[in-house]
Number of protein chains: 2
Amino acid sequence: MRAEDRRELILEAATRVFGDFGYEGTTTAGIARAADVSQPYVVRVFGTKEKLFLEVLQRALALLLSAFRAALADASDIPVHRRLGIAYVELAANRGLLLSLMHAYVLGRDPVIGPVGRSGFMSVYRFMRDEAGFSADETQEFLAGGMLINTMIGLRMTDDYDSDAQVRELLDTAFPEKLDILLLVAADQRAEES
Amino acid sequence: MRAEDRRELILEAATRVFGDFGYEGTTTAGIARAADVSQPYVVRVFGTKEKLFLEVLQRALALLLSAFRAALADASDIPVHRRLGIAYVELAANRGLLLSLMHAYVLGRDPVIGPVGRSGFMSVYRFMRDEAGFSADETQEFLAGGMLINTMIGLRMTDDYDSDAQVRELLDTAFPEKLDILLLVAADQRAEES
DNA sequence: GCGATAAGTTATCGTGCGATTACTTATCTA
DNA sequence: TAGATAAGTAATCGCACGATAACTTATCGC
C-alpha cells in the first residue's frame, strides 16, 4: 500500500484509540493493533507518539472546521444555529474525533500540547465570531453546549440511556436532535469491544 | 503526624497532580513529591494508584456538592442561578479539583473509572433537578456552562488572557463574574512551576 | 525506660512502554 | 532482469513506572 494511504489509516485508528484512552493512556502498540500494522511502523511513520497525537489533533480540527463551513454554506431554511449544532453532533459518527480534541483540552499544562489545544480551540471560536456571525454570547453558549456534548461522549453516558430515566432526560435535553447518531455509535462501540 | 492527617495532605497533593497531568499521566512519585513523602508511602496508604484516584474523585465530588448546598442554603437576594455559578467558579481556587473530575469525565471507557464518573456526574444533575429546583433545560444550560469553564481551566486559557483580545472576550463571556479568581490561581500556578 | 505499635524510608523488582536497529519483501524502472 | 527504492516486520534495548519487601524511627501506655 502507498505510504500516504497507510498514513491516513493509522491516523484514523489513532484517533479512535486516543479518544478512548487519552494521550498518556494510549500505547503505540494499541494504535498499531487498531491499524493492523506493526508497532515500530507507527513510530517510524510519525517519529514519536507526541507528533502522532499532534497530527491527530490537526486532522480532527480540520475536519471539524470543514464540516462547519459546509454546514454554513449549505443554504437552507434551517437556522444557522441549528445547522451547526447538527453538524457538530454528526462529527461524533467519526469515532474519537471529538474525544481526542477533548483530551487535548484538558492537557493545557503540557508545553507542547497546551499551545496547540489553545490555538485549536480559539480557531473554532474565531470561526463562530468571524465566519458564522455569532455574537460573543451566542458563541459562548454554543461552545458550552459543545463541551457538554463532548463530556457526555467521554463519559459514555449513552450506556445508561435505557436503564436510567434521569440520564435519558439529560441526554434528550443535551441532544435536542440527532441523539440517535450517538446511541448508534455507542452500540457499535460496545459490540466492537466485546 | 497522624495517618489521617497525612492522608488528607496526600489527597490534596494528588488532586493537584491528577488535575495537571491526568490519570495516566500522573505518577505516584509525582504525587509523593508534591506531598513531600516517599513514593512507596503513597502506594501503601491507598493500595493502588487507581484507588487513590477514586478517592480523589469522591472527595472532589463531596466538596463540590457541599459547596453547592451551602450556596443554596445561604439565603440572600442574589438569585439561585448566580449563587451556584459563583460557588462553582470559586471551587477553582481548590487547584485540580474541577480538573480531576474533568479527567474522569473523559475516561468513561475505563471499566472502573467510567461508572464512577457517570454516577458522579449524575449526582450533580440530581442535585440541580431535585434540590435546587432547576428544570431540565436550566440544568442542561448550567452544566454546559460548567463544562466550558472546566475546559477553559484545562486548556489554561487564562495564560493568553493578556496577549489575545479574543481570548479575553471569550473568558469575559464565559466567566461573567469571579474571573479574577481564575486569573489569580493561574498566576500562582505559573509561579510555582517555574 | 521498655516493649509495642504506628509512621514512615531505602532499596529493589518486574514489567510495559517508546524507540532503535537490522532485516525482509514487494514494486517499479533502465 | 538486475538493481534500486519504497513499504514493511522481527528482535531488542533502556528506562520509567507501580508495587513489594525489608528496614528505621518516633510515640505512647505501663
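Author: The model is predicted. Chain A holds ten helices and zero strands, and its elements, read from the N terminus, run α-α-α-α-α-α-α-α-α-α.

Reader: What makes chain A as compact as a globular protein of that length?

Author: The globule rule is 2.2 Å times the number of residues to the power 0.38. For 194 residues the rule gives 16 Å, and the radius of gyration of chain A is 17 Å, close to that value, so the chain is as compact as a globular protein of that length. Along its principal axes, the C-alpha trace spans about 50 × 40 × 35 Å. Residues 24 or more positions apart supply 64% of the contacts in chain A with a separation of 6 or more.

Reader: What does the pair of A:F68 and A:F142 tie together?

Author: A:F68 lies in helix 4 (residues 49–73) and A:F142 in helix 8 (residues 136–155) of chain A, so the pair ties together parts that are 74 residues apart in sequence. Both A:F68 and A:F142 are buried.

Reader: Why is A:A174 called buried, and which residues is A:A174 in contact with?

Author: Buried means under 20% relative accessible area. A:A174 has 7%, so A:A174 is buried. This residue is in helix 9 of chain A. Leaving aside neighbours within four places in sequence, A:A174 is in contact with A:L148, A:I149 and B:Q140. A:A174 and A:V17 are 157 residues apart in sequence, and their C-alpha atoms are 25 Å apart in space.

Reader: Why does A:D5 count as partly exposed?

Author: Partly exposed covers the range between the 20% limit for buried and the 50% limit for exposed. A:D5 has 43% relative accessibility, so A:D5 counts as partly exposed. A:D5 is found in helix 1 (residues 3–25) of chain A. The C-alpha atoms of A:D5 and A:A87, 82 residues apart along the chain, are separated by 26 Å.

Reader: What is the phi of A:D36, and how do you know that A:D36 is exposed?

Author: Phi of A:D36 is near 60°, a positive value in a residue other than glycine. Most residues other than glycine have a negative phi. A:D36 lies in the loop between helix 2 (28–35) and helix 3 (39–46) of chain A. Exposed means over 50%; A:D36 has a relative accessible area of 68%, so A:D36 is exposed.

Reader: Where is A:K178 found, and why does A:K178 count as partly exposed?

Author: A:K178 is found in the loop between helix 9 (165–174) and helix 10 (179–193) of chain A. Phi of A:K178 is near 65°, a positive value in a residue other than glycine. The relative accessibility of A:K178 is 31%, between the limits of 20% and 50%, so A:K178 counts as partly exposed.

How values were computed: Residues numbered from 1 in each chain as written. Chains lettered and ligands numbered in written order. Predicted model: local features only at pLDDT ≥ 70, side-chain atom pairs only at ≥ 80, totals over all residues. Heavy atoms only, no water. Helix = DSSP H or I, 4+ residues; strand = E, 2+ residues; numbered from the N terminus. Contact = heavy atoms within 4.5 Å. Buried < 20%, exposed > 50% of the residue type's maximum accessible area, 1.4 Å probe, protein only.
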